Amino acid sequence: MQIREIMTRQVELVKPDTPLQEAARMMRDANIGFLPVGENDRLVGTLTDRDIAVRAVAEGKDVKTAKVADAMTASLAFAFDDQDSSEAAQIMAEKQIRRLPILNRDKRLVGVVALGDLATKTGDDDVVGQTVQDVSEPTKGKR
C-alpha cells in the first residue's frame, strides 16, 4: 500500500517565525500535537507539543515572544507519497518518531502519516506492532 493511500492530506504548516504561543493554539484548536514547519510548502523542521514543553517552557522561554524556530526539531525525517507504507513504518521506527511528514517527488509537503494511520489503514499488524515497539524504546540519543 502506498503512503498516499493512508496519509492525512490536510496539514497545517507553521512558519519558523511564528510565536510559540500561536503554534500551541493551532495545535489546541486542531486537536493535534504535531506541526510541520516550513516556508510555503517546503519543509524545514517539525514542532511537537513536547518540543514546546521541553525546549521552550522548561528552559524558561517566553512563549509569547519565542518563535517556532526556537523549539522545533530541525533534523528532517520524511518519506515520499509514492513509497510503500512499510517504508514509512521503517523510518518511524529508526528515528523513533510517531508522525512522519510526507513529500511529493518535488519535495513539497503533501501530508503526514501517524502511527495511528499505520494501525488503522494498513492491516499489517506485524509491521505496526514492531514499529510501535521500536518507537517506544528508550531514546537512542538526541533526535
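Student: Hi! Leaving aside neighbours within four places in sequence, which residues is Thr-48 in contact with?
Tutor: Thr-48 is in contact with Met-27, Gly-33, Phe-34 and Arg-99, where contact means heavy atoms within 4.5 Å. Keep in mind that this is a predicted model, so local features need pLDDT of at least 70 and side-chain atom pairs count only at pLDDT 80 or more, while totals for chains, interfaces and linings use all residues. Residues are numbered from 1 along each chain as its sequence is written, and side-chain values use heavy atoms, with hydrogens and water left out.

Student: Okay. Where does Thr-48 lie?
Tutor: Thr-48 is part of strand β2, which covers residues 42–48. Helices (H or I, at least four residues) and strands (E, at least two) are DSSP runs, numbered from the N terminus.

Student: Buried or exposed, that Thr-48?
Tutor: Thr-48 is buried, because its relative accessibility is 15%. The classes are buried under 20% relative accessible area, exposed over 50% and partly exposed in between, with a 1.4 Å probe and protein chains only.

Student: And what does the side chain of Thr-48 have a polar atom close to, in terms of backbone nitrogen?
Tutor: The backbone nitrogen of Asp-51, which lies 2.9 Å from a polar atom of the Thr-48 side chain. A polar contact is a pair of N or O atoms within 3.5 Å; within protein, one must be able to donate a hydrogen and the other to accept it, and residues adjacent in sequence count only if both atoms are side-chain atoms.

Student: Which element holds Asp-51?
Tutor: Asp-51 belongs to helix α2, residues 49–57.

Student: Why does Asp-51 count as buried?
Tutor: Because its relative accessibility is 10%.

Student: What does Asp-51 touch, not counting residues up to four places away in sequence?
Tutor: Asp-51 touches Thr-46, Ala-56, Ala-71 and Thr-73.

Student: Switching topic: what is phi for Asn-31?
Tutor: Asn-31 has phi near 55°, a positive value in a residue other than glycine. Most residues other than glycine have a negative phi. Asn-31 is placed in the loop between α1 (20–30) and β1.

Student: What about phi of Gln-96?
Tutor: Gln-96 is not a glycine either, and its phi is positive too, at about 55°. Gln-96 lies in the loop between α3 (85–95) and β4.

Student: Buried or exposed for Asn-31 and for Gln-96?
Tutor: Asn-31 is exposed, because its relative accessible area is 71%. Gln-96 counts as buried, because its relative accessibility is 4%.

Student: I was also looking at Lys-107. Where is Lys-107 found?
Tutor: Lys-107 sits in the loop between β4 (99–103) and β5. Lys-107 is partly exposed, because its relative accessible area is 45%.

Student: How far apart are Lys-107 and Ala-79 in space?
Tutor: Their C-alpha atoms are 9.7 Å apart, while Lys-107 and Ala-79 are 28 residues apart in sequence.

Student: Let's zoom out. How many helices and strands does the chain have?
Tutor: The chain has five helices and five strands. Along the sequence, the pattern is α-β-β-α-β-α-β-β-α-α.

Student: What share of the residues count as buried?
Tutor: Of the 143 residues of the chain, 39% are buried. Thr-48, Asp-51 and Gln-96 are among the buried ones.

Student: Last one: among contacts between residues at least 6 apart in sequence, what share joins residues at least 24 apart?
Tutor: That share comes to 58% for the chain.
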